[in-house]
Amino acid sequence: MSAEIIGNYATAIFLLIGSGFALVGVIGLLKFNDPMTRLHAPTKVGTVGIGMLLLASIVHSVVLGETSIHETLIMAFLFVTAPISANFIAKVNIHKRNCETPPTPPRDDTWSTLNSPDEEPLDPT
Amino acid sequence: MTTALAVLDIALIVAFGILALGQILSMVRLVIGPTPGDRILALDTMVINALGLVVVLGIQQGVQIYFEVSLLIAMLGFVSTVALARFILRGDIIE
């Protein structure tokens, strides 16, 4: 069993794991019944699913003899941006009051997420 | 060697099928909504799935060109998700 065969099998396994996670995440997006719960599932598609597909791409490039680890750049970018976009979508859900509204903060009127700009006074003096 | 290549071919076809099915299922969520947050999330998932399709296409053809394509898709997807969420939150994208 040469290294090339092992590399091909590893590529196939990484591809199957990645696409399995993508399928699970999308089924969760379709089947869950609450906006905040639905937010939970597709974040796995972004991190584990695409991460495994990129790992398969790296292993396959090693097998082909033209090694490239550029794919780690995409992986790092996705790992950094996935929580930010999830946070923004959660803020949209809170703002539209599609989920349980958080209790009012102790020292302020309201959360800035719930405060639309058209409700603010134009001249706060 | 031929067995390993056959297994890799089957895995590539399975990955293509699952990612295409994922696009269709998240398009269903995009149509039935019901909240704007769900629609933004479905669009974000579709962008991520398209990125996975491009990566798998690069593995199948054995070329390195698709790296730039997938990096651009990742960046545009993040920016469009943040822009859509920001539009719903503040009524404006750049204040």
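**Charged and aromatic pairs, buried positions and one surface patch**

Arg38(A) is buried, and Asp38(B) is buried as well. The model is a predicted one, and over all of its chains it holds one salt bridge and one aromatic pair.

**The salt bridge and the arginine beside it**

- The salt bridge is formed by Arg38(A) and Asp38(B), whose closest N and O atoms are 2.6 Å apart.
- Because Arg38(A) belongs to helix α2 (residues 35-40) of chain A, while Asp38(B) belongs to helix α2 (residues 36-61) of chain B, this pair joins two chains.
- Arg29(B), which lies in helix α1 of chain B, is buried yet has no salt bridge, and the nearest side chain of opposite charge, that of Asp38(B), is 4.9 Å away.
- What keeps this separation from counting as a salt bridge is the cut-off, because a side-chain nitrogen of Lys or Arg has to be within 4 Å of a carboxyl oxygen of Asp or Glu.
- Not counting residues up to four places away in sequence, Arg29(B) touches Leu29(A), Leu30(A), Phe32(A) and Arg38(A) in chain A, together with Pro34(B), Asp38(B) and Ala42(B) in chain B.

**The aromatic pair**

- Phe77(A) and Phe78(B) form an edge-to-face aromatic pair, with 6.4 Å from centre to centre and 90° between the planes.
- Phe77(A) is located in helix α4 (residues 71-95) of chain A and Phe78(B) in helix α3 (residues 66-90) of chain B, so this pair, too, joins two chains.

**A nonpolar surface patch on chain B**

- Ile24(B), Val28(B), Val31(B) and Ile32(B) make a nonpolar surface patch of about 360 Å².
- Of these residues, Ile24(B) is found in helix α1 (residues 2-32) of chain B.

**Buried residues in helices**

- Val55(B), a residue of helix α2 of chain B, has a relative accessible area of 6% and is therefore buried.
- Apart from residues up to four places away in sequence, Val55(B) touches Leu53(A), Leu54(A) and Ser57(A) of chain A as well as Ser70(B) of chain B.
- Val55(B) and Ser70(B) are 15 residues apart along the chain, and their C-alpha atoms are separated by 6.9 Å.
- Ala86(A), which is found in helix α4 of chain A, is likewise buried, its relative accessible area being 17%.
- When neighbours within four places in sequence are left aside, Ala86(A) is in contact with Leu39(A) and Thr43(A); the C-alpha atoms of Ala86(A) and Leu39(A), which are 47 residues apart along the chain, are separated by 7.1 Å.
- Val82(B), found in helix α3 of chain B, counts as buried because its relative accessibility is 18%.
- The C-alpha atoms of Val82(B) and Ile40(B) are separated by 9.3 Å, although these two residues are 42 residues apart along the chain.

Notes. Residues are numbered from 1 along each chain as its sequence is written. Chains are lettered from A and ligands numbered from 1 in the order in which they are written. This is a predicted model: local features need pLDDT of at least 70, side-chain atom pairs count only at pLDDT 80 or more; totals for chains, interfaces and linings use all residues. Side-chain values use heavy atoms; hydrogens and water are left out. Rings of Phe, Tyr and Trp (its six-membered ring) pair if their centres lie within 6.5 Å; planes under 30 degrees apart count as stacked, over 60 as edge-to-face and the rest as tilted. Helices (H or I, at least four residues) and strands (E, at least two) are DSSP runs, numbered from the N terminus. Patches are made of residues with over 30% relative accessible area and no salt bridge: like charges are joined within 9 Å, nonpolar side chains (Val, Leu, Ile, Met, Phe, Trp, Tyr) within 5 Å. Accessible areas come from the Shrake-Rupley method with a 1.4 Å probe; for residues, only the protein chains shown count as cover. Buried means under 20% relative accessible area, exposed over 50%, partly exposed in between (1.4 Å probe, protein chains only). Lys and Arg count as positive and Asp and Glu as negative; His and the chain ends are not counted. Contact means heavy atoms within 4.5 Å.
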